[in-house]
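Dear colleague,

Here is the structure for your files. My notes on the backbone, the cores and the sheet follow it.

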Amino acid sequence: MSYLSIREVAEELQAGIIMPTELVEETLNLIEERDTEVKAFVTVMREEAMAQAEQAERELRTGLKRGPLHGIPIAIKDLIAVKGVRTTGSSQVLAEHVSEEDATVIELLRKSGAILIGKTNTYEFAYGPYSPPTRNPWDLTRTTGGSSGGSAAAVAAGMVLGAIGTDTGGSIRIPSALCGVTGLKPTYGRVSCHGVLPLSWSLDHVGPIARSAEDCAFIFDAIAKYDPRDPNSVSGPPSSPSRSTATLIEGAEGRGPLSLQGLRLGVPQEDFVAPLDPEIHMAWRGALHVLEENGAELVNVELPRPTMTTYRMVQKPEASLAHMQQGWFPHRGDLYTELVRTRLREGQEIPAVEYLKAQQERRAFTSQLRSILRTVDAFVLPTQAMGAIPAEQMGQEVTINGVQENATDAMLRMTMPFNLVGFPAVSFPCGFTSEHLPIGLQIAGKPFEEATVLRIAHAYQQLTDWHRREAWERQ
């Protein structure tokens with residue numbers, strides 16, 4: 001079961017070919033077998049998961065079908081509150097913290113019949129682009145990227161069919177690209193952040209990670225609801241609850257690949273993505289050819305490139321304020337790792353005028369992207385400038401096509417622009433490097449157009465099999 005799709009497993013569950021208890025038992029066995037090396041999980045909810053599976057089994061036997069996630073085990077990033085379960089944010093600050101209520105996204109997953117299998121590793125409070133000690137299932141010496149690296153690694157290693165992550169500067173898409181899975185950052189506010197440990201309130205997003213765009217659509221449909229408890233929550237345009245899934249599967253059942261005829265896809269100029277590893281560049285261009293052959297029109301566009309300074313001037317003060325408001329910093333300052341403690345202090349020292357200037361630059365960038373998106377339906381670009389690097393290189397300088405760059409900045413460079421604007425973006429596999437490391441392609445679209453970006457990804461995945469490659473078979 002570990003490398004089937006959610007659709008395939010859901011059909012077997014609803015047909016009674018496999019029982020939810022059997023699926024959960026197999027999932028728990030896979031975690032026990034593989035996670036000693038991958039280290040994706042902080043907490044495995046064995047007893048709770050079996051109880052949920054027994055309930056799902058009773059419901060399915062009586063004919064109650066909650067939808068495609070009914071009986072499907074889902075992993076949860078350890079920033080997201082699950083009632084009665086530790087939520088640590090991978091920090092000693094909250095080492096023994098047990099959540100008193102479910103986050104909204106957890107409430108919605110429960111309503112969909114999904115089974116919560118466990119909590120996954122993240123960087124401390126998600127304040128970094130990798131997820132120690134989690135290792136990349138494709139090469140255990142390499143980083144997963146982060147901060148949703150535990151969720152991505154759990155999917156890539158075949159331990160779960162889907163997972164939930166968060167994304168402030170790319171933390172769903174970065175590990176999805178580096179681990180060879182599919183991850184969606186929805187439009188800002190489409191998925192509630194109520195009950196999610198904050199990093200940066202105006203940049204934080206919650207979204208799905210799975211093997212395919214279609215699987216991400218199933219999870220997105222379940223968790224994308226307006227929530228009055230989140231002041232930034234938005235309902236989006238009127239649509240049916242299954243709009244994104246319905247769009248994805250259009251034309252798939254026995255009618256050949258989904259056509260992209262009529263879609264105009266913006267291809268950014270070379271200096272927007274540079275420096276870029278030559279193998280990444282080749283995979284990007286190859287993917288563009290596949291999309292064009294499937295009916296899409298490719299349009300060269302000149303994208304403005306926001307600076308890392310603009311991003312940091314927004315993120316750092318918001319992160320510091322969040323930790324101050326929670327009463328964690330500086331009160332428990334000695335419990336933070338040195339790097340996060342330093343970043344929180346830096347955020348306190350940024351003048352208000354610098355924060356406001358960055359917000360002004362952000363607003364101008366958003367306006368420019370909105371203007372360009374009047375001429376195209378989405379942008380197509382690499383997710384990462386390089387493949388997964390050795391874990392010990394994180395935070396150091398790396399060389400990309402002859403150019404030296406800070407590893408953290410390189411990982412964020414092509415993902416954080418879409419956090420600044422809050423537009424939906426999905427990353428999915430489009431090839432491998434010569435070292436057999438996954439390469440990710442990113443589609444970013446208009447606000448509330450998750451259906452469009454997922455449709456493009458799904459069309460590509462109907463014509464290729466990169467997303468079906470099995471990482472654990474290489475170990």
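This is a predicted model: local features need pLDDT of at least 70, side-chain atom pairs count only at pLDDT 80 or more; totals for chains, interfaces and linings use all residues.

Pro133 sits in the loop that runs between strand S3 (115-120) and helix H5 (149-156); helices (H or I, at least four residues) and strands (E, at least two) are DSSP runs, numbered from the N terminus. The peptide bond from Pro132 to Pro133 is cis, with omega near 5°.

Residues are numbered from 1 along each chain as its sequence is written, and side-chain values use heavy atoms, with hydrogens and water left out.

Two non-glycine residues with positive phi should be noted. Ala126, in the loop between S3 and H5, has phi near 65°. Ala126 is buried, at 7% relative accessibility (buried means under 20% relative accessible area, exposed over 50%, partly exposed in between, with a 1.4 Å probe and protein chains only). Phe448 has phi near 70° and is found in the loop between strand S13 (438-445) and helix H16 (450-463). At 26% relative accessibility, Phe448 is partly exposed. For background, most residues other than glycine have a negative phi, and most peptide bonds are trans.

On the cores: a nonpolar core is a set of buried Ala, Val, Leu, Ile, Met, Phe, Trp, Tyr and Cys residues joined through side-chain atoms within 4.5 Å. The largest one has 120 residues, and Ile106, Leu109, Ile164, Leu291 and Phe379 have the most contacts inside it. Helix H7 (residues 213-223) supplies the largest share of this core, eight residues. Another core, of 25 residues, lies apart from it and includes Phe41, Ala154, Met159 and Ala163.

On the sheet: eleven strands form an open sheet with mixed pairing, in the order S1-S3-S2-S4-S6-S5-S12-S13-S9-S7-S8. Two strands pair if DSSP finds at least two bridges between them. Strand S1 (41-44) and strand S8 (297-301) are the edge strands, each pairing on one side only. The twist averages 30° from one strand to the next (axes are lines fitted to C-alpha atoms, for helices over the stretch in contact, and angles run from 0 to 180 degrees between N-to-C directions). Strand S2 (residues 73-77) pairs in the parallel sense with strand S4 (residues 162-167) over three bridges, and Ile74 stands opposite Gly162 in S4.

Regards
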